[in-house]
Amino acid sequence: VRLDKLPAPTQKGGVVEILLHEITDFKLFHQKQNDFFANASHELKTPLAVITGAVETLQGPAKDDPKAQQEFLSLIANQSKHMTNLVQSLLKLARQQTDFGPKTDVSVNQVLKQLIQELKTKAKEKNQIFVFKCDKNQSYIRARQTELYHLFQNLLENAVKYGDKNKPIQIQTEQKNKKIYIHIQNEGPVIEQTEIPHLFDRFYRGQKTNHQVEGSGLGLSIAQQIIQRHNGCIEVQSSNKTGTIFTVVLPISD
């Protein structure tokens with residue numbers, strides 16, 4: 001609130017101008033921005049500290065111990081890989097906010113079929129198979145193909161990572177009311193209802209998440225941003241009976 005006394009008096013006294021400016025959204029934006037940089041710094045600081053400690057050990061106590069050298073070199077390699085994935089996710093997130101290239105008609109079924117082929121090897125490591133039931137209609141949406149690819153890549157990789165061994169990953173597309181519904185279902189740990197609203201927060205990883213599973217905590221945030229930019233939405237259901245189902249809803253191209 002700003003008050004200014006105007007110079008011209010009147011018969012009834014002075015005149016005051018009052019300016020009211022609503023800045024809630026502005027404050028929230030800057031708070032989110034500060035939180036993002038704080039979280040990103042923390043996520044990068046942890047593997048850096050591990051790498052630094054491993055290097056010091058290799059230069060000191062382990063310099064003449066071949067077994068310890070292999071152990072710490074493996075640790076450095078794993079943490080370096082984690083940092084690389086994190087930086088790539090951060091760059092991808094930044095590009096999402098600035099890249100407004102042209103959209104074309106993209107087949108959702110074709111993108112999913114391509115990703116299933118690419119992820120088969122990773123799923124096979126856990127003895128998982130993909131079961132794909134696609135709508136008989138060839139549904140197209142107005143989209144940026146690379147963004148659509150990244151969206152479903154994140155969701156399918158999560159389904160494999162967090163799904164139980166020897167359990168199928170089920171994918172289904174259905175078309176209704178000028179929209180396409182993409183259901184991705186896995187059988188793994190149940191996500192608590194209180195956690196579901198936070199799944200798309202940057203750097204959030206669930207309380208029951210196996211933290212030995214690699215992840216930056218940015219994949220779902222990137223996925224949600226892509227969906228919103230394509231006028232869609234995403235829903236999550238999780239229970240012992242059905243497993244976890246992510247449903248993406250996108251408008252079909254005219």
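Reader: Leaving aside neighbours within four places in sequence, which residues is Asn-109 in contact with?
Author: This is a predicted model. In it, Asn-109 is in contact with Phe-132, Cys-134, Asp-135, Asn-137, Gln-138 and Thr-173.

Reader: Which of those residues makes a polar contact with the Asn-109 side chain?
Author: Thr-173 does, through its side chain. The distance is 3.1 Å.

Reader: Where is Asn-109, then?
Author: In helix α3, which covers residues 108-124.

Reader: Is Asn-109 buried or exposed?
Author: Buried. Its relative accessible area is 3%, and the cut-off for buried is under 20%.

Reader: Let's zoom out. How many helices and strands does the protein have?
Author: Five helices and nine strands. Along the sequence the pattern reads β-β-α-α-β-α-β-β-α-β-β-α-β-β.

Reader: And what share of the residues is buried?
Author: 37% of the 254 residues.

Reader: What about contacts between residues at least 6 apart in sequence: what share joins residues at least 24 apart?
Author: 68% of them.

Reader: On to α4. What span should its 18 residues have, and how far apart are the end C-alpha atoms?
Author: Helix α4 runs over residues 145-162. At 1.5 Å a residue it should span 26 Å. The end C-alpha atoms are 26 Å apart, so the two values agree.

Reader: Which α4 residues are buried?
Author: Among them are Leu-148, Leu-151, Phe-152, Leu-155, Leu-156 and Ala-159. The buried set also includes Glu-147, Gln-153, Asn-154 and Asn-158.

Reader: Why look at places three or four apart in a helix?
Author: An α-helix has 3.6 residues a turn, so residues spaced that way point the same way.

Reader: Is Asn-166 buried or exposed?
Author: Exposed, at 52% relative accessibility. The cut-off for exposed is over 50%.

Reader: And what does Asn-231 have for phi?
Author: Near 60°, again positive and not in a glycine. Asn-231 is in the loop between α5 (219-229) and β8 (233-239). It counts as exposed, with 64% relative accessibility.

Reader: Last topic, the surface. What is the total accessible area?
Author: About 16,200 Å², with 52% belonging to carbon and sulfur atoms.

Reader: Which residues make the nonpolar patch?
Author: Val-1, Leu-3, Val-16, Ile-18 and Leu-20 make a patch of about 570 Å².

Reader: Where does Val-1 sit?
Author: In the segment before β1 (2-10). Val-1 is exposed, with a relative accessible area of 79%.

Key:
Residues numbered from 1 in each chain as written. Predicted model: local features only at pLDDT ≥ 70, side-chain atom pairs only at ≥ 80, totals over all residues. Heavy atoms only, no water. Helix = DSSP H or I, 4+ residues; strand = E, 2+ residues; numbered from the N terminus. Buried < 20%, exposed > 50% of the residue type's maximum accessible area, 1.4 Å probe, protein only. Polar contact = N/O pair within 3.5 Å; in protein donor to acceptor, adjacent residues only side chain to side chain. Contact = heavy atoms within 4.5 Å. Areas by Shrake-Rupley, 256 points an atom, 1.4 Å probe, with all protein chains shown as cover. Patch = residues over 30% accessible without salt bridge, like charges linked within 9 Å, V, L, I, M, F, W, Y side chains within 5 Å. Salt bridge = Lys/Arg side-chain N within 4 Å of Asp/Glu carboxyl O. Expected span 1.5 Å × (residues − 1).
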